[in-house]
Amino acid sequence: MDWSPSGEKLAITFTIGFHNTYVITFDYTKQEDVRIWSGLEDIFLYEQTTSNARWFNDGQRLLVSVWGKAYKQSYERGIYIINTETQNVEGPLVEVAGGALLGNNEEFFISNKYLTQGEPFNGNYIRYDFDARNWKWITGFPDDSLNRWVKQPVPNPKRNELVFSRYTKNAWQLFQMNEEGKEIRQITELGGSQPRWSSDGSKIFFNRDTHKAAGARYIPHYYELATGEIQPLWPHLPDSVPQFPLLESQDPIDFRAIVQENASTGN
């Protein structure tokens, strides 16, 4: 899921069954405003194959991925833009690609790109520039290592740089590189995975397997770009993990019922 810039809406990928995925937005301030943006017959992306929704800064458009080729689907797999105000759909910006993440004030996105067997790159990462409306390869990892040993580069939302996790020497570690896929350098030695940038692009938040006491094995850390300093978000002790609200105290939304009702009524 992805919060809108205002913090009032969530874009959610919701799955029912095998490969039946929907893009849903939920207005947190209203609690009842739930809208489905894929998988319904009255919209362009009518098959249940759309996912990985990410908000643009305007809080109006969503960058989404169509991963699978559905039965008799008239549109191609690839990256699309959904305008939640006008309901217009633009794309595919890149065909046979998915998992797009926006970078450097929405100058570009980074995504997977898949080609047929025998091509120079069979499953690697690309950069798509919105102004030039073209894409280029930024990695050339062997196809058998992708996803298993290398995770998708995550772009800085404010600058031209990327961070990704790679399995090396029996552990996941964080690496940094520029937007061209060059100048790669390792930035962790004691483990790092699942990186996410702070909204201002000054920090990288990540998970670290600490192998400490029970209940505190995986601890979120942050890396300060300016100083190179790494700090945990809370100490490596079981009793120091923050007390989160109990699930039974929450009022959950039944997205499954909402999707099924919309599918049956045509709304």
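I note at the start that this is a predicted model. I began with N178 and found it in strand β15, which covers residues 171–178.

Is N178 buried or exposed? I read a relative accessible area of 15%; because the cut-off for buried is under 20%, N178 counts as buried.

I then listed its contacts, leaving out residues up to four places away in sequence: N178 touches N160, E161, L162 and E183. I also checked the side chain of N178 for polar atoms, and one of them lies 3.0 Å from the backbone nitrogen of E180.

Next I looked at the pairing around this residue. Strand β15 runs antiparallel to β14, and eight bridges join the two. Within this pair, N178 is the bridge partner of E161. The hairpin of β14 and β15 has two residues between the strands, and I noted a positive phi of about 55 degrees at K169 in the turn.

On the other pairing of β14 (residues 161–168), I found β13 (residues 154–155), antiparallel over two bridges. There L162 of β14 stands opposite P155.

Last, I looked up a separate entry, an open sheet of four strands with antiparallel pairing, in the order β9-β10-β11-β12. I marked β9 (97–103) and β12 (134–137) as its edge strands, each pairing on one side only. I recorded an average twist of 30 degrees from one strand to the next. Strand β11 (residues 124–129) is joined to β12 by four bridges, and I found R127 partnered with K136 in β12.

Terms used:
Residues are numbered from 1 along each chain as its sequence is written. This is a predicted model: local features need pLDDT of at least 70, side-chain atom pairs count only at pLDDT 80 or more; totals for chains, interfaces and linings use all residues. Side-chain values use heavy atoms; hydrogens and water are left out. Two strands pair if DSSP finds at least two bridges between them. Axes are lines fitted to C-alpha atoms, for helices over the stretch in contact, and angles run from 0 to 180 degrees between N-to-C directions. Buried means under 20% relative accessible area, exposed over 50%, partly exposed in between (1.4 Å probe, protein chains only). A polar contact is a pair of N or O atoms within 3.5 Å; within protein, one must be able to donate a hydrogen and the other to accept it, and residues adjacent in sequence count only if both atoms are side-chain atoms. Contact means heavy atoms within 4.5 Å.
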